[in-house]
Amino acid sequence: MNTDWPSWRKEKRKQLIAARETTPPEVHQQWSQNITDFLKQEFPQLQKMVVGIYWPFRGEYDPRSMAQYLLNEGATLALPEVIRRNEALCFREWTPDIAMKTGSYGIAVPIDSRQVLPNALLIPMVGFDARGYRLGYGSGYFDCTLATYNPLPLTIGIAFELQRLENIHPQPHDIPMQYVVTEVGAFCCNDSL
């Protein structure tokens with residue numbers, strides 16, 4: 001079987017983002033609340049960790065209510081920033097009162113807050129499979145970043161069930177999530193955990 005995986009991934013990305021962006025607001029809000037509830041129930045350790053979150057983009061789960069909860073419980077939060085193409089992300093400490101600027105891809109990032117090294121990451125996914133492999137936006141920043149860690153941080157991929165695929169056909173550089181959280185539950189993707 002000689003499949004053009006880059007083209008397949010590009011087309012899947014387009015379909016999945018369109019499906020996510022056209023989800024009715026009240027449904028999106030309910031799914032997001034479910035995800036927040038599962039994150040609180042299943043990952044209490046996040047309350048005392050340095051947690052990399054993300055700024056919502058193109059219909060993704062909005063982690064800001066979870067972020068406020070984690071801040072209230074004592075966590076340190078950080079947002080990723082693209083420094084250079086094809087390099088690991090830099091994580092900058094974030095609180096709601098930190099000044100923000102528009103970074104790469106039009107995504108908000110903190111202005112000159114201190115750099116931190118997260119020991120847990122909430123990672124947005126365009127698509128995912130049962131093994132925890134994620135389909136991202138195609139630039140590879142999260143895989144590049146995870147490749148620099150030893151040991152890996154706690155990795156929690158976040159998506160809606162409509163983004164679940166039978167197989168994303170991972171490439172050699174792809175690093176699977178340890179857990180995936182959707183509106184229907186939290187799933188362990190690595191039998192060795």
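What follows is a set of questions and answers on the cysteines, the backbone and one arginine of this predicted model.

Trainee: How many disulfides does a search of the whole structure find?
Mentor: A disulfide needs two cysteine sulfur atoms within 2.5 Å. The sulfur of Cys90 has its closest cysteine sulfur in Cys144, at 13 Å, which is too far for a bond. For Cys189, the nearest cysteine sulfur is that of Cys188, 6.5 Å away, and Cys189 is in no disulfide. Over the whole structure, the number of disulfides found is zero.

Trainee: Is Cys189 buried or exposed?
Mentor: The cut-off to apply is that a residue under 20% relative accessible area is buried, whereas one over 50% is exposed. Cys189 has a relative accessible area of 15%, and therefore Cys189 counts as buried.

Trainee: What is the phi of Arg58?
Mentor: Most residues other than glycine have a negative phi. Arg58 lies in the loop between strand E1 (50–52) and helix H3 (64–73), and Arg58 counts as partly exposed at 39% relative accessibility. Its phi is positive although the residue is not a glycine, with a value near 55 degrees.

Trainee: Where does Asn86 lie, and what is the value of its phi?
Mentor: Asn86 is placed in the loop that runs between strand E2 (76–81) and strand E3 (90–93). Asn86 is exposed, because its relative accessible area of 57% is over the 50% cut-off. Asn86 is not a glycine, yet its phi is positive, at about 65 degrees.

Trainee: Is Arg9 buried or exposed, and which residues does Arg9 touch?
Mentor: Arg9 is part of helix H1, which covers residues 5–21. With a relative accessible area of 10%, Arg9 falls under the 20% cut-off and is therefore buried. Leaving aside residues up to four places away in sequence, Arg9 touches Leu135, Ile168, His169, Pro170, Gln171 and Asp174.

Trainee: How far apart in space are Arg9 and Val109?
Mentor: In sequence, Arg9 and Val109 are separated by 100 residues. Taken from C-alpha to C-alpha, their separation in space is 27 Å.

Terms used
Residues are numbered from 1 along each chain as its sequence is written. This is a predicted model: local features need pLDDT of at least 70, side-chain atom pairs count only at pLDDT 80 or more; totals for chains, interfaces and linings use all residues. Side-chain values use heavy atoms; hydrogens and water are left out. Buried means under 20% relative accessible area, exposed over 50%, partly exposed in between (1.4 Å probe, protein chains only). Helices (H or I, at least four residues) and strands (E, at least two) are DSSP runs, numbered from the N terminus. Contact means heavy atoms within 4.5 Å.
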